[in-house]
Amino acid sequence: NFPNKTGGLPVTAKIHDNLKTVSIAVISPMKNILMVLKALENMEAKVQYDIYGPVKDRDYNDQCLELVKSLPANITVVMHGEVEPAKVKNVLMQAHIFVLTSKSENFGHALYEALSAGRPAITSHFTPWNNLREAQAGINVSLDNNEDLSSAISFFASMDEGSLSAWSLGASAYAEKAVDIEKIRKQYEDMFLLPDPVS
């Protein structure tokens, strides 16, 4: 259960009204991928949305696939299935932002990994990762309707590369401040350290 710190990645090329976003999560109602797809229905910007994760709920996955079919031509969605942990860094490198509107997260390892990689996150208020906008690290959105989420996606889509770079630095700094990796490592070492045998 050790957080995976990716480290700041370079910002992928970004132009106004174009956005590459990604989710890494099991496909289930709790992770709320369907909400993201609904938020894209009336988006005017060109958005590429890549979804990675194993299918936990087949019916829910089918609902997502049906909605993908009806999205406008400016929205591209690809459901890739599960991604190997070793390839997560490459997945994040291709994206501008990370989206995970979970209904609940105890920690949210995928969110931490994305933030540490310098990928601003759009997420709910039901994770430990709050006050993102104040830190210029992302945006926390309401789950009561799609307006907050659509507005947040549009906000990042409208950015140029310079603006996104500032938010990328904010995301990395937020993750660095929020989680002390060396302290956690020391706690694990202390927990599993065996006493010296008595001679």
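**Note on helix packing, cores and salt bridges**

1. Helix α4 (residues 109-116) packs against helix α6 (residues 161-178) with an angle of about 125 degrees and the axes 7 Å apart. The two helices are therefore oblique to each other. From α4 the contact uses Y112, L115 and S116, and from α6 it uses A171, S172, Y174 and A175. Sorted by class, these are five nonpolar residues, two polar and no charged ones. The model is predicted, and side-chain atom pairs are counted only at pLDDT 80 or more.

2. Helix α4 is mostly covered, with six of its eight residues buried. These are L111, Y112, E113, A114, L115 and S116. G118, which follows the helix, has a positive phi near 85 degrees.

3. The largest nonpolar core has 33 residues, and L37, L40, I122, I153 and F156 touch the most other members. Two or more residues come from each of α1 (33-39), β2 (46-52), α2 (58-70), β3 (75-81), β4 (97-100), α5 (147-157) and α6. The top contributor is α1, with six residues.

4. Leaving aside residues up to four places away in sequence, F156 touches K14, L19, I97, P120, I122, G138, I139, L164 and W167. There is also a second, separate core of 24 residues, with L9, Y52, V91 and Y112 among them. Y112 is also one of the α4 residues in the contact with α6.

5. The whole structure contains three salt bridges. In one of them the side chains of K31 and E105 meet at 2.5 Å, N to O. This pair links distant parts of the chain, 74 residues apart: K31 is in the loop between β1 (18-24) and α1, and E105 is in the loop between β4 and α4. K31 is buried, at 17% relative accessible area, and E105 is buried as well, at 15%.

6. Another salt bridge joins the side chains of E66 and K69 (3.0 Å, N to O). Both residues lie in helix α2, three residues apart, about one turn of the helix. An α-helix has 3.6 residues a turn, so residues three or four places apart point the same way. E66 is partly exposed, with 48% relative accessible area, whereas K69 is exposed at 63%.

7. E84 and K87 also form a salt bridge, with 3.9 Å between the closest N and O atoms. E84 is partly exposed, at 48% relative accessibility. K87 is partly exposed too, at 44%.

How values were computed
Residues numbered from 1 in each chain as written. Predicted model: local features only at pLDDT ≥ 70, side-chain atom pairs only at ≥ 80, totals over all residues. Heavy atoms only, no water. Axes fitted to C-alpha atoms, helices over the stretch in contact; angles between N-to-C directions. Helix = DSSP H or I, 4+ residues; strand = E, 2+ residues; numbered from the N terminus. Parallel < 35°, antiparallel > 145°, perpendicular 65-115°, else oblique. Contact = heavy atoms within 4.5 Å. Nonpolar A, V, L, I, M, F, W, Y, C, P; charged D, E, K, R; others polar. Core = buried A, V, L, I, M, F, W, Y, C linked by side-chain atoms within 4.5 Å. Buried < 20%, exposed > 50% of the residue type's maximum accessible area, 1.4 Å probe, protein only. Salt bridge = Lys/Arg side-chain N within 4 Å of Asp/Glu carboxyl O.
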